[in-house]
Amino acid sequence: MLKLKNLSFLQISALNFLLGFGSTMNAQDKSPWQGKACAVSLTYDDALNVHLDNAIPLLDSLGLKGTFYLSGYFPAFRARVADWKAVADKGHELGNHTLFHPCTGKLPGREWVPPDYDLGNYTMQRLLDEIRMANTLLEALDSKTQRTFAYPCGDMKIGDSSYVDKIRNDFVAARGVKSEMSRINEIDLFNVGAYMINGQSGAELIDLVKQAIKSNALLVFLFHGVGGEHSLNVSLSAHRELLLFLKQNEKDIWTAPFVDIAEYVRQYNRGSR
Ligand SMILES: [Zn+2]
């Protein structure tokens, strides 16, 4: 019989590896996220003024980093390019949300989609060109070649053809819109779940984080308006309560730009499989 208590940690690790216990151990890992219980990514869509004026100053004052999914043609991107560059300089991620934000118009509630930017009127090549051109635009601001993507409206298809597989070489990961949080070994990096926030209280947002801590999951918040400017909106006070909670509990919560978390997931799962 082996006397396990006489073995060093290194020997036990080697033994586990030889016996193939590695993946089981990771599944039970209580702090898989840089030694923390969960990971949280704060993502903000559609290049709004309120991101620059409300969200960034608060994030910066707490030393937290977010991800901003920018569409190059949106008014507050074009009017404030230097401000977005400054956002990147402070360590936030500028994420790709295409140039023109094409969505499928032929769906209930999508009457607002202009025919010129209806995904149903796009060819696959036009969409891929647009996405890659948005990467070039963002690289001109932040000099980065690694970033993530967010599907406009959560749409992943032109008609019946998915474009998910066609952008795998262009990004570290892509954020979807399914309201779900996943454990590190269960994440689909090109359809990562995210909670679209609209009107929740600070306590409700914090409850999601507590759930993530308990289940050792990745939790992605998807914000549009922060204190206004969009029909999907979080109040300034709810947003502030959430960010303060993340800061006060940083020993348990790894808050980081989506690209950093996605890269970590990729390496973690490569190492353990
Ligand atoms: Zn959007």
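In sorting residues by class, Ala, Val, Leu, Ile, Met, Phe, Trp, Tyr, Cys and Pro count as nonpolar, Asp, Glu, Lys and Arg as charged, and the others, Gly among them, as polar. By that scheme the largest pocket is lined with 8 nonpolar, 6 polar and 4 charged residues. The model is predicted.

**Pocket and cavity**

- The volume of the largest pocket is about 260 Å³.
- Its lining is made of 18 residues, and those nearest the centre are His101, Trp112, Cys153, His224 and Leu232.
- There are 2 cavities of 30 Å³ or more, and the second largest cavity has a volume of about 30 Å³.
- Around the second largest cavity stand Leu70, Ser71, Gly72, Phe77, Thr98, Ala134, Leu137 and Leu138.
- Helix H6 gives the most to this lining, with 3 residues.
- The lining of the second largest cavity comprises 5 nonpolar and 3 polar residues, with no charged ones.

**Zinc site**

- The zinc ion has as protein donors Asp46 through OD, His97 through NE2 and His101 through NE2, at 2.1 to 2.2 Å.
- Along the sequence these donor residues follow the spacing D-x50-H-x3-H.
- Asp46 sits in the loop between strand E1 (38-45) and helix H3 (49-62), while His101 sits in the loop between strand E3 (93-96) and helix H6 (124-142), so the pair ties together parts that are 55 residues apart in sequence.
- Both Asp46 and His101 are buried.
- His101 also belongs to the residues nearest the centre of the largest pocket.

**Nonpolar cores**

- The largest nonpolar core holds 41 residues, and Leu42 and Phe221 touch the most other members.
- At least two residues of this core come from each of E1, H3, strand E2 (67-70), helix H5 (81-89), H6, helix H7 (202-215), strand E10 (217-223) and helix H8 (236-248).
- H3 supplies the largest share of this core, 6 residues.
- Apart from this core lies another, of 37 residues, which includes Trp33, Phe149, Tyr151 and Leu218.
- Setting aside neighbours within four places in sequence, Phe221 is in contact with Val40, Ser41, Leu42, Thr43, Tyr195, Ile197, Leu205, Leu208, Val209 and Leu242.

**Asn96**

- Asn96 is part of strand E3.
- Its relative accessibility is 0%, so Asn96 counts as buried.
- Not counting residues up to four places away in sequence, Asn96 touches Tyr69, Leu70, Ile131, Ala134, Asn135, Leu138, Arg147, Thr148, Phe149, Ala150 and Phe171.
- Asn96 and Phe68 are 28 residues apart along the chain, and their C-alpha atoms are separated by 8.3 Å.

**Residues with positive phi**

- Most residues other than glycine have a negative phi.
- Ala47 is not a glycine, yet its phi is positive, about 50°.
- Ala47 is found in the loop between E1 and H3, and its relative accessible area of 2% makes it buried.
- Cys153, a residue other than glycine, has a positive phi near 60°.
- Cys153 is placed in the loop between strand E4 (149-150) and strand E5 (157-158).
- At 25% relative accessibility, Cys153 counts as partly exposed.

How values were computed
Residues numbered from 1 in each chain as written. Predicted model: local features only at pLDDT ≥ 70, side-chain atom pairs only at ≥ 80, totals over all residues. Heavy atoms only, no water. 1 Å grid on protein atoms, 1.4 Å probe; cavity = no way out; pocket = protein on both sides within 12 Å on 5 of 7 lines; lining within 4 Å. Points joined across faces, edges and corners; volume = space filled by probe spheres on them. Donors = N, O, S within 2.8 Å, 3.2 Å for Na, K, Ca; no water. Helix = DSSP H or I, 4+ residues; strand = E, 2+ residues; numbered from the N terminus. Buried < 20%, exposed > 50% of the residue type's maximum accessible area, 1.4 Å probe, protein only. Core = buried A, V, L, I, M, F, W, Y, C linked by side-chain atoms within 4.5 Å. Contact = heavy atoms within 4.5 Å.
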